Amino acid sequence: MTAPVLELRNLSKTFQLPRKGGWFAGHIDHHAVRDVSLTLPRNTILGLVGESGSGKSTTGLMTMRLMEPTSGRILIDGADITALTPAELKPYRRQMQIVFQDSYSALDPMMTLARIVAEPLHIHGIGRAEEQTEQALAMLDRVGLHRSYGQRYPHELSGGQRQRVAIARALILRPQVLVADEPTSALDVSVKAQIINLLLDLQQEMGLSILFISHDLSVVRSLTDRVAVMFNGRIVETAATETIFSDARHPYTQGLLSAIPVLNPSDRRPRRFLTADEIERGIPRLPGAGPTPALHQVSPGHLVEAVAG
Amino acid sequence: MPLVDIQNLHVSFPQHEGLVQAVRGMSLTIEAGESVGIVGESGSGKSVTCMAALRLLRHPPSRITADRLSLDGVDMLTASRRDLARVRGKVASMVFQDPMSAFDPVFTIGHQIVETIRAHTDASLSAATDQAVALLDRVRIKTPLSILNSYPHQLSGGMLQRAMIAMALSCRPKILFADEPTTALDVTIQAQILALIKDLQAELGMGLVMVTHDLGVVAETVDRVVVMYGGRVMEEGPVQAIFDDPQHPYTRALLNSIPGRTPGKQRLTEIAGQSPNPANPPAGCPFHPRCTVALPDCATTAPATRQIGPGRTAACWGLT
Amino acid sequence: MLRYIIGRLLSILLTFFVVSLIVFLMMHSVPGGPFDGNDMPVSDAVKAKLNASLGLDKPLYEQYLRYMWGVLHFDFGVPFQSPGETVTELLARAWPPSLILGGSGVLIGAPLGILMGMAAALRRNTWFDYLVSAVSTLGLTIPVFVISMMLIMVFSVWLNWLPAGGWEKPYSWILPITAYAAVPMATYARYTRSAMLDVMTKPFVTVLRAKGLSERRIIFQHVLRNAALPLVTVFLPMFIGTATGSIFVEAMFRVPGLGAYFVSSIELRDYPLEMSLILMITMMFCVAYLISDIVYALLNPRIRFGGKS
């Protein structure tokens, strides 16, 4: 078996927040991400699911080395990139790209779309100027924007079109890993489906591996092979996508699933909502689990945070 | 007399790309106690319809015309400022999308609820404060007094949305317009807020207009659905019928494009193309450029709204 | 809050000494001395004697320490150009006219400007709004001595209603105060208009309307209070700026104020007066900013409570 294209080992991030009460009150540690381990096998899509404050976006940024982890390691294709200098990191940057939710603020308003998409080629010194432009136009065409869009500017586009441009720019270097942080959250229903299909197609064609960060379990169900659920900075459950939908074990995962609106009015049901405290108290007690809460395998490939009980 | 009576509403406003025709001939009637969902994507005119119903659009620059636009018998087109203020908050209230920006940052939540109560009743300050506590309790806030004394920036989005609902309900309105009330919230909070709105609607027996882009929200909360696209109503009917047996091609396409309906990683049935440009909408049916079953007529003449079943209407040349 | 104020006071003291040092060094780095003027040639021997009598022959650091020691005891020295009195006495004599002039100018101009700005914002894009914009633009672009001249032309020369200068009778104050009020009025009109318009587009204003509040209550309680936040921060500093006198208005109307001394103290190398004037202004600005920051914090709960809890 070859190394996974992306691996996170025991990644943690602690922010120091000023304590209330003035200058000399000191800091409190906020554990945004705690001991997160993930593997992204080649040519698969892994969903990283959670709500705001769960640490999923922080994990994405650390994966890209856009934020320094407090501890833990990041491996691309088996190579440890955690401690590389910016210069050493540059060849790996080609291998991993990121797309954000708000693509409008991520696109330079003063540049044409062709230049925006060609920019990574320029930065990495790949090809001559005409070749770069030609590749950028071909890439725009591939993501569903006619080559004539190359001369346009970001403000002329709709939200879905801008997201296509962001994807084109991310993929022009033919990376192995794409980190997609809520790329469909700001989009309309019909456009959302278009972008999901585009990601599925590109994954197939380019042999891409995607870390798909989202709060939307419905999107995750259609798009991903595996899911990792984050809560309070840690992964509480991970399994093949359909296993999560059919056999969720952790109370937080179950809560998330039951919060999905039904798509048939006759399925309306009263729900019970757990508070964060109730979730923490409801960590599954399983025979064979350790004395402190930790991920515990309940079936092959299905891990749930559990304690001995 | 219907509670909400909107006939042939047109709303437009000048913007730099031209005259934006946000709503183009919208009709909607709602009886007391009814719950109706207005579904559509951005630019469909769903929010503008609500804003126009309460006359919350600045006019000018926006232009509003309608054969009829009345709330509880008050003609909102000709009402004086004072009459409008009497209807708003008392007859019809509104809950907005982003709770974080819906409160005045320099006053406490309590102040803002109390001033609403006192704008419509002659309750004393202490009586209004007691009512505010009861309202916060009613929206299942466990510590009403501390929330009352909090400033907006001190609270979470979910808590603020509960407070906004309490504020909207403070004068027992006959109808509540909820404009994407859960879009800015986390998934689990969204489910809680939807459950709350649904429960309160039943408890208070008020009408509800739920404006949303999310068909799931509609399936959860309302009895009747209005599907809008390009400033027009495409289809309208009881919620179960619309989900079981959508008739309009747009409704069908919208339902089919929802992710996660069936198990397994899979391509979705997408709607090709883009939403119409509201400054330059296509002639005929606004959906025809993206419609897979469009007829020649669709590109030239907008179809009229016709009865297609009990309580069901649609506007489509294909439905004859 | 107390801790904050103490911190600010300490930083004011620091500012005070840094400014005094810089000004002192700059003053003495300009070539020439108080007795180098051409209109009163004196022999070198006399000059040396005079310098010695004023302590100007001492090393610079000693002069500085001696002066600052005096300042700490509220002894600001004797102005060279008017040796019959102390600097304190000169200020007591020349400041009141400037204070009356500048103070009334701001106290009349600012409220007028606020009213104009409010009315313009409420009647946006009407003739009144355009008129206010035109008047405030003129007030900010026409130099104050041109305004003074126009006032003198109209009210003194043509109509012969008011004296063209002097300070003896209170009615002779009217024209200079009017000329003085132009800038604060124009500034406040513009600030208020844009602050009000900015607040009026905020979503919470729509919510206030949707609650059925009267337009008057929305404007006077909510919009004004929010718009006042940025206005507060400019008011006191502007007040100080004007209360120290305007060379132009005072010169045009022959007001025996402080303005002229700013110029003459530099021209005549009147070190004690120059230092005293600058230190006084520094102090007043520091205190003004401190007070306006405190008022701002009192008006703005987001600062009062130290962010999100």
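**Charged side chains within and between chains**

At 31% relative accessibility, B:Lys265 counts as partly exposed. The model is predicted. B:Lys265 pairs with A:Asp225 in a salt bridge, and their closest N and O atoms lie 2.9 Å apart. This pair crosses between chains. On the chain A side, A:Asp225 sits in the loop between α8 (217-223) and β9 (226-231). On the chain B side, B:Lys265 sits in the loop between α10 (249-256) and β12 (306-309). A:Asp225 is partly exposed as well, with a relative accessibility of 29%. Over all chains, the structure holds 36 salt bridges.

A further salt bridge lies within chain B. B:Arg140 and B:Asp199 form it, with 3.8 Å between the closest N and O atoms. B:Arg140 belongs to the loop between α4 (125-138) and α5 (144-148) of chain B, whereas B:Asp199 belongs to helix α7 (residues 187-204) of that chain. The pair therefore ties together parts that are 59 residues apart in sequence. B:Arg140 is partly exposed, at 38% relative accessible area. B:Asp199 is partly exposed too, at 36%.

In chain C, a salt bridge joins C:Arg93 and C:Glu85, at 2.7 Å from N to O. The accessibility of the two partners was also computed. C:Arg93 has 42% relative accessibility and counts as partly exposed. C:Glu85 has a relative accessible area of 14%; because buried means under 20%, this residue is buried. Salt bridges that share partners also build one network from B:Arg138, B:Arg140, B:Asp199 and B:Glu203.

Side chains of opposite charge can pair when their charged atoms come close. B:Glu41 is buried yet has no salt bridge. The nearest side chain of opposite charge is that of B:Arg290, 4.4 Å away. B:Glu41 is found in the loop between β3 (35-39) and α1 (46-53) of chain B. Its side chain makes a polar contact of 2.6 Å with the side chain of A:Ser190. Beyond residues up to four places away in sequence, B:Glu41 touches residues of chain A and chain B. From chain A come A:Asp188, A:Val189, A:Ser190 and A:Val191. From chain B come B:Lys46, B:Tyr229, B:Tyr250, B:Leu254 and B:Arg290.

Notes. Residues numbered from 1 in each chain as written. Chains lettered and ligands numbered in written order. Predicted model: local features only at pLDDT ≥ 70, side-chain atom pairs only at ≥ 80, totals over all residues. Heavy atoms only, no water. Helix = DSSP H or I, 4+ residues; strand = E, 2+ residues; numbered from the N terminus. Buried < 20%, exposed > 50% of the residue type's maximum accessible area, 1.4 Å probe, protein only. Lys, Arg positive; Asp, Glu negative; His and termini not counted. Salt bridge = Lys/Arg side-chain N within 4 Å of Asp/Glu carboxyl O. Polar contact = N/O pair within 3.5 Å; in protein donor to acceptor, adjacent residues only side chain to side chain. Contact = heavy atoms within 4.5 Å.
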